Each structure stands twice: as C-alpha cells, then as structure tokens.
Amino acid sequence: MHSVESRFIAIVSGALLVFVAPLFALFLILSSDRVARERLQNTEVLLHANVQALGKPLWDFDRDSVSQIATSLAGDDRIRFVRVRDTSNLLDVQYPLTAPDPSGTQSRVTADILYRATDGIRKVGTAEIWIARDGLFSRFSKDEMAIFAIFFFAVGTLFTAAIIANRITMIRPLMRLTAAIEATRRLGSRHQVDWTSNDEMGSLARNFNDMQSRLERDEAELRLAHVRATDIYNLTPAMLFSIDNGNRLTAVSDYWLVATGYCRDQVIGREFTDFVDEASREEYLNRRQDSQEEGGICEVTARFHRADGTLMDVLILETALKASNDRQALSLSVMTDVSDLKEAEIRNHRQAITDHLTGLLNRQGFEATLDEMFDTAIQSDLQLACLFVDLDRFKWINDNLGHAAGDEVLREVAARLRKQLRANDMIARLGGDEFAILLCASDARQVAVDVCDRLAASFRQPMTVNGSELSISASIGIAVYPDHASSSVDLLQKSDMAMYARKRSGKNGAQIFDKDMLDIARKRHETELCIDQGLREGWFEAHLQPIVSLSDGKLAGFEALMRLRHPVRGILPPGEIIGIAEENGSITKIGEAILSDAIANLATISRVPGLADCYLAINFSPLQFEPPLPNHLASLLLENGITPSRIVIEITEAVLMLDSPVVRRVLQALSALGCRIALDDFGTGYSSLSYLNRFPVDIVKVDQSFVRSLTSDAADVRRKSRMLVEGIRTISHQMGCAVVAEGIETEEQREMLCGMGLDFGQGYLFCKPKPIRALLDDLHKLGAGQLPDTPLAMNS
C-alpha cells in the first residue's frame with residue numbers, strides 16, 4: 001500500500017477512534033443505564049403488584065398459593081431469586097430453593113406484605129427478589145441492536161468510500177505523477193502526467209506538465225549552450241585550459257593542443273606544473289598569493305615546455321571558481337604566448353638602459369648597476385670607486401662644429417674610455433658630455449688614479465672629426481666607498497663634487513674628493529639660495545664706478561657692476577655669485593635685472609648738470625648673448641630716453657673665443673643699433689689681435705694686473721708691463737679703438753698711464769663702485785661732471 005494511502009487510512013481511523021468511538025461508547029453506556037433503570041422500575045412494579053396478592057395466603061398460611069405466586073415472579077428472565085417470608089418466620093418460600101451467587105446480582109428489591117384485617121392493616125411478611133446483572137448489549141432489544149448494526153454499517157461504508165475516493169482522486173494521480181518522475185529519472189526524457197481534472201490534483205498535474213515542458217526547453221537550450229560553449233572553447237584562438245585544486249588539467253582547448261603540440265590524452269589528468277620550466281615553477285605555484293579576493297583573477301608569466309621540447313614564454317590569466325556541494329573547485333585559465341613580447345621587453349629594457357649614441361649604459365642603467373655593484377662591494381668587503389668624467393669645452397665643439405661633430409667626439413671618447421678599463425669595470429654616459437666609471441677592487445682608490453692617468457694620456461692624442469684635428473681634455477672627480485661615501489647615491493654625488501672642484505681649479509685632470517668640498521658645496525648651495533631669493537625680492541642692484549679722462553680728469557662715463565645686497569649679510573662678493581650663476585643658468589635673469597637697473601640709473605645721472613652725454617659700460621656674460629638681447633636693450637633705452645651711442649657693451653675674450661655664429665650676429669645687431677663694444681680684460685686670456693679685426697670692437701680695456709705691474713718693485717716686471725701696455729695702446733689706437741686702464745689705485749699709476757697716452761682710466765684712485773644714491777650725493781658735491789683736485793674724495 002502506498003505511503004500516502006496508508007497515512008490517509010491512519011488519519012481516518014484515528015479520527016474514528018478519537019471522535020466517533022468515544023461518542024458511541026458514551027451513547028451505549030447512557031442507553032444501557034436507561035434500559036437498566038426502566039427494567040428495575042418494571043420489576044419493582046411487578047413485585048408490588050404480586051405483594052398485594054401474597055397478603056391473604058400469608059395470613060392464612062397458604063403455602064401453595066405463596067409458592068405459586070413466587071414461581072410466577074421467578075418466571076421473569078431478569079429475576080434470579082425470589083423469597084417470601086412471614087413475620088413469624090414460620091413460612092419461608094424460596095425459588096429456586098438455593099440462592100445464586102450474589103456477585104451476579106445487580107440489585108435486591110424488598111417489599112413489605114400487608115393484609116387488611118378486621119382490626120386494620122397488618123404486616124404479615126416480606127417479599128425479596130434478586131435482579132440479575134445484564135450485559136452491555138443484553139439490555140437492548142432487537143430493534144435497538146438493528147439500529148446499532150445500521151450505524152456500524154454506515155460508518156464502515158463511509159470509511160470504505162473515503163478510501164476509494166482517496167484512491168481515485170489522490171492516489172491514482174499521485175501514482176501517475178510518481179511514475180512520470182521515475183520515468184524521467186530513469187530514461188532522462190521529460191515524461192508528463194496523463195491526468196485531467198478541475199481540482200487541485202488536476203492543477204498539480206498541469207503545473208507539473210508545464211514544468212516538464214519548460215525544463216525540456218531549458219535542457220534543450222542548455223545542451224545547445226553547452227555545445228556552443230564547447231565550440232567556443234575549442235574554436236577560440238587562445239590557449240584555454242582548466243585545472244582542479246590539485247593543479248591537474250581537466251580540460252584544454254583545441255587551440256591549446258595545436259599551440260603546444262600535445263594530444264588531449266597526453267595532458268588530461270596531468271599536473272600543469274609538469275609542463276612549466278623548473279625556473280618558473282615556484283613563481284607559478286605562488287601565483288595566487290597576490291590575489292587577495294577568492295575568485296579573483298591572478299596572472300603569472302612562466303616558461304612552458306612544448307611537446308617538441310622547445311620553450312615559450314606564456315602569460316597565464318587564471319580565474320578560480322568556488323567549489324559547491326556537487327562540484328569541485330576548478331579554474332578557467334587563458335595562456336598567451338608572449339615570447340615575442342618578452343624578447344621585445346628585454347630589447348626595450350636594454351634600449352632603455354643603453355645610450356643610443358655610444359652604446360654605453362645611460363643614467364638609468366648606471367644607477368641600477370651602481371646599486372648592484374655597491375651591494376657587491378659591501379658583501380665582498382671591497383672598495384668601489386666612482387669616476388665622474390666631464391669633457392672640457394665640449395659646448396664650443398657643438399656650437400662651432402655642429403652637433404654631428406659633437407656626437408662623433410662623444411663616440412670617440414667612449415671608445416677611448418673603454419680601452420682603458422678592465423673587463424669587469426662599468427662605464428656609462430650620464431648625458432651630454434658626462435660619463436661615469438665604476439671600479440670595484442680591494443685597492444679601488446689606486447686603481448682609479450691609474451685609470452685617470454691612462455685616460456689623460458689617451459686624451460692627449462688629437463682626434464680627427466670631419467677632417468679637423470681636435471684636442472680633448474676632461475675633468476674627472478673620484479670618490480671611493482667606504483672612504484668617502486656610505487651609500488650609492490652619496491658616492492655618485494661626492495664624485496660629482498670632486499669633478500666640479502677640478503673644473504674650478506683649472507680643468508683637465510683628476511680630483512679626489514675631500515671633506516672641504518662639502519663646505520664648498522654648502523656655501524655654493526647657500527649662494528644659489530641667495531641668488532634665487534635675490535631675484536624674487538629684488539636684492540640685485542647696479543653699482544656704478546666712474547670712468548675718467550686721464551688727460552683732463554673729467555667724467556666720461558660709468559661702468560655698471562653687479563652687486564647683491566643681502567638684508568642681513570650686506571653686499572656679497574660678486575665674483576662668487578657670477579661664477580655660480582653662469583653654471584646654473586641664472587646669470588641671464590641677473591643680467592636682465594642689472595641691465596634694467598643700470599639704464600634707469602644712467603637716466604637719473606643724465607639729469608645731473610654736465611653729465612647728459614656720459615656713457616654707461618655694462619658687462620655681459622656669454623650666456624646673455626641671445627637673439628632677443630638687441631630688441632630688449634632697445635626697448636629699455638627707449639623707455640628711459642637714452643640714446644644707444646651712450647651704451648658700451650663690455651665683453652671678455654672668452655666670448656670672442658667661442659666664435660659662435662649666434663654671438664657674432666648679436667654683436668653685429670648691437671653695433672648696428674648704435675651701441676659700442678668694449679673688449680674687457682684684454683691681454684689676460686687667449687689674446688688674439690684678430691679679435692680687433694673680426695669683431696666690431698670700439699674700446700679696449702687694459703687689465704688691472706698690467707696696471708698694478710707698472711709700479712712693481714721688480715724693474716724687469718715694470719719694463720715688460722710698460723711695453724705690453726704701450727703695445728696695446730698703439731695697436732688699439734691704430735685700429736681706431738679707445739683704451740681704458742682698469743684698477744688705477746695710485747697717483748703714480750695714473751701719471752704713468754697718462755704719459756703713455758691711454759685715454760681713460762678707472763679705479764679706486766678715482767672712486768669705488770657705489771649705489772646710485774651715494775654716487776649722486778658725491779656728484780652734486782663735486783659739481784658739473786668733474787673730479788675734485790683730491791681724487792680720493794669720492795671714496796669716502
């Protein structure tokens with residue numbers, strides 16, 4: 001019997017037992033009690049009726065009549081025992097003769113027997129009957145039992161009908177539903193329930209059939225999707241594969257097989273690490289450590305062994321799938337052949353750290369190698385020397401011979417540097433004309449000195465560039481770990497400091513770092529800060545020094561000199577400021593500030609009586625000679641109402657030595673504007689009389705060292721200095737140039753120079769350089785453009 005039907009019978013039977021049976025039992029009990037009471041009452045009535053008949057026989061002691069009446073009473077089925085006695089106990093009639101067992105007696109009924117005598121009603125005896133105990137159903141009549149039978153038949157019929165109805169309406173459709181489900185489970189096809197009704201079971205059957213239809217459609221779609229996914233998996237031009245928790249391959253795409261050369265049977269079930277090169281295996285096994293979220297994408301690059309034994313670099317992107325109750329954890333991975341990209345990456349990295357011009361390491365490669373060699377030196381307890389090499393006058397080569405020639409020089413220098421180094425030494429081009437060399441040895445300091453000597457010797461050999469021979473020199477700074485530096489960055493910085501120290505001390509040689517350079521660097525840094533702050537806050541000002549005519553002592557003009565007035569430290573030394581400014585490129589801004597201030601001061605001085613035509617000499621750094629300079633100067637002159645002929649552009653021989661086309665064009669433009677050109681410090685540098693012919697020079701200034709030598713204690717020095725000064729004066733005058741003597745400090749020097757025929761002079765004898773206000777005060781005291789009788793009056 002089906003479990004549903006069993007449960008239904010159990011429920012119905014339970015309902016009958018719980019509800020119907022107790023009610024029926026209660027009904028039987030109540031009905032039985034009622035019947036018993038009615039019978040007892042009838043028996044009592046019968047007894048009382050017969051008692052009246054016993055009165056006369058007992059009075060007369062008529063035993064036969066008494067026995068007859070007792071027998072009549074005992075004829076009732078319910079009366080088990082009858083006993084009649086008179087009051088004197090002479091007459092005692094019992095029927096039956098032996099009293100039955102009292103336990104079977106329901107009740108005993110006793111009645112007094114009375115007789116109406118002449119003297120009144122007298123009690124003549126007693127009558128006693130025992131009524132038998134009836135069974136539960138014996139109390140009922142046949143009619144009542146028929147009614148009970150009908151009741152039981154109705155209940156049974158109802159119970160049977162319920163079971164049949166349940167089987168028809170519930171069990172049969174459920175059995176069909178179960179059969180459909182079982183058939184679906186066994187056969188795999190979606191079977192439907194053959195049942196139609198308008199009740200809940202019909203609705204259940206219809207819903208089940210609809211569900212089966214939908215599932216059948218979904219399964220068809222899933223099968224189609226699976227086929228499509230499999231096709232996509234295999235047709236995708238990418239190496240797809242899946243692995244389980246044990247890194248075993250569970251699926252691979254066709255493209256994976258084609259790209260690797262394996263067959264599917266050869267790889268399914270094998271650990272993927274079997275195909276990964278041993279050098280990449282640990283990295284592959286640790287691939288998910290960087291993926292913080294479970295199920296996130298991780299990537300790793302590894303070396304993969306093809307079926308033919310060759311290696312390829314692959315990039316693996318892996319997405320992990322979480323495990324479920326019916327599925328173990330898997331992953332979907334895509335493997336891409338990046339061998340070409342890896343080679344390109346290596347090539348790009350090599351190019352990124354290599355200087356394309358010389359083939360040496362560039363700054364990036366040098367810094368990485370420096371860190372590696374520094375660590376090696378620490379671990380091996382060796383010294384590491386860093387040589388910072390900077391070519392001298394390389395800018396002149398680029399400006400005059402062109403960048404192509406400069407590139408050729410750099411290649412040749414790189415080749416010469418390589419030849420002087422050992423196989424394990426490292427060399428790099430940091431940029432421009434700067435090179436760096438690393439030497440690791442137990443005595444790296446001495447090795448560095450020896451290398452510098454060899455480099456200097458190699459540079460003494462001229463190199464031929466574009467058919468011209470060039471002589472190259474270099475300034476080299478040396479720093480050694482652990483003597484001078486405790487870190488790689490510090491080592492490079494200290495060698496750079498040493499190189500600049502060599503530059504400042506004359507170039508063309510090597511310089512080993514010492515601690516004094518730190519003080520120099522600190523002072524240089526402080527000066528750079530002062531320059532920057534001075535440009536922002538206007539600390540730069542032009543001081544003016546008078547230039548006088550040596551023949552009559554009149555003021556001819558002024559030289560503008562740069563000064564930086566610090567609010568706390570006062571006037572800072574100009575020579576140090578100019579040198580640093582030219583190195584860091586701020587000299588152009590300083591020159592613009594001094595030029596603007598000096599021309600404004602000239603406009604102010606021009607209002608002093610007798611000085612309306614005096615000129616202004618302004619020193620220009622080589623870095624200031626740029627194409628916009630003439631237009632900028634013309635704008636300032638126009639703004640201040642100054643004619644260009646009153647401006648003298650002072651240049652040094654270093655400017656002319658550059659022989660730069662740009663400088664030449666700027667000088668020609670300034671000369672065309674109307675400005676005059678003065679050649680400052682003539683005779684101290686690489687003097688060449690050709691400068692006076694090749695450039696538009698109007699004034700030649702004799703350096704103060706020659707003026708000072710005129711009054712030297714050594715007669716030979718005095719004689720040679722006089723010859724040089726006279727020669728400069730003669731040549732300059734013949735070239736149409738005026739001559740100005742610098743640094744005149746004594747009256748004797750002034751007289752000698754005047755006697756030699758020099759035109760103008762300047763120096764402390766006449767006046768120190770002064771700011772505009774102090775100079776104006778002196779000029780107003782002196783009068784209209786003429787020095788007083790006492791030359792030193794203006795030096796106070």
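Phe374 counts as buried, at 6% relative accessibility, where buried means under 20% relative accessible area, exposed over 50% and partly exposed in between, with a 1.4 Å probe and protein chains only. The model is a predicted one, in which local features need pLDDT of at least 70 and side-chain atom pairs count only at pLDDT 80 or more, while totals for chains, interfaces and linings use all residues. Residues are numbered from 1 along each chain as its sequence is written, and side-chain values use heavy atoms, with hydrogens and water left out.

A search of the whole structure finds twelve aromatic pairs; rings of Phe, Tyr and Trp (its six-membered ring) pair if their centres lie within 6.5 Å, and planes under 30 degrees apart count as stacked, over 60 as edge-to-face and the rest as tilted. In one of these pairs, the rings of Trp256 and Phe304 have centres 5.8 Å apart and planes at 80°, so the pair is edge-to-face. Because Trp256 lies in helix 5 (residues 254-260) and Phe304 in strand 7 (residues 297-305), this pair ties together parts that are 48 residues apart in sequence; helices (H or I, at least four residues) and strands (E, at least two) are DSSP runs, numbered from the N terminus. Both Trp256 and Phe304 are buried. For Phe374 and Tyr481, the ring centres are 4.6 Å apart and the planes stand at 55°, so the pair is tilted. Phe374 belongs to helix 9 (residues 363-380) and Tyr481 to strand 15 (residues 474-481), so the pair ties together parts 107 residues apart in sequence. Tyr481 is buried as well, with a relative accessible area of 14%.

## Aromatic cluster and charges over rings

Trp256 and Phe304 also belong to one aromatic cluster, formed together with Phe241, Tyr262, Phe272, Phe275 and Tyr284.

Elsewhere, the charged end of Arg524 sits over the ring of Tyr500, 6.0 Å from its centre, and Arg676 lies over the face of Tyr615, at 4.9 Å from the ring centre. A charge sits over a ring if NZ of Lys or CZ of Arg is within 6 Å of the ring centre and within 35 degrees of the ring normal.

## Nonpolar cores

The largest nonpolar core has 73 residues, and those with the most contacts inside it are Phe558, Ile605, Leu616, Phe625, Ile647, Ile649 and Leu753; such a core is a set of buried Ala, Val, Leu, Ile, Met, Phe, Trp, Tyr and Cys residues joined through side-chain atoms within 4.5 Å. Its largest share, nine residues, comes from helix 16 (residues 587-605). Apart from this core lies another, of 35 residues, among them Leu360, Phe394, Val413 and Met463.

Leaving aside neighbours within four places in sequence, Phe625 is in contact (heavy atoms within 4.5 Å) with residues including Phe620, Ile649, Ile651 and Val655.

## Ile478 and the cysteines

Ile478 has its place in strand 15 and counts as buried, at 1% relative accessibility. Beyond its neighbours within four places in sequence, the contacts of Ile478 include Cys386, Leu387, Cys452, His484 and Phe513. The C-alpha atoms of Ile478 and Ile642, 164 residues apart along the chain, are separated by 52 Å.

A search of the whole structure finds zero disulfides, a disulfide being a pair of cysteine sulfur atoms within 2.5 Å. Cys767 is in no disulfide, and the nearest cysteine sulfur, that of Cys614, is 13 Å away. Cys767 counts as buried at 0% relative accessibility, and Cys530 counts as buried at 8%.
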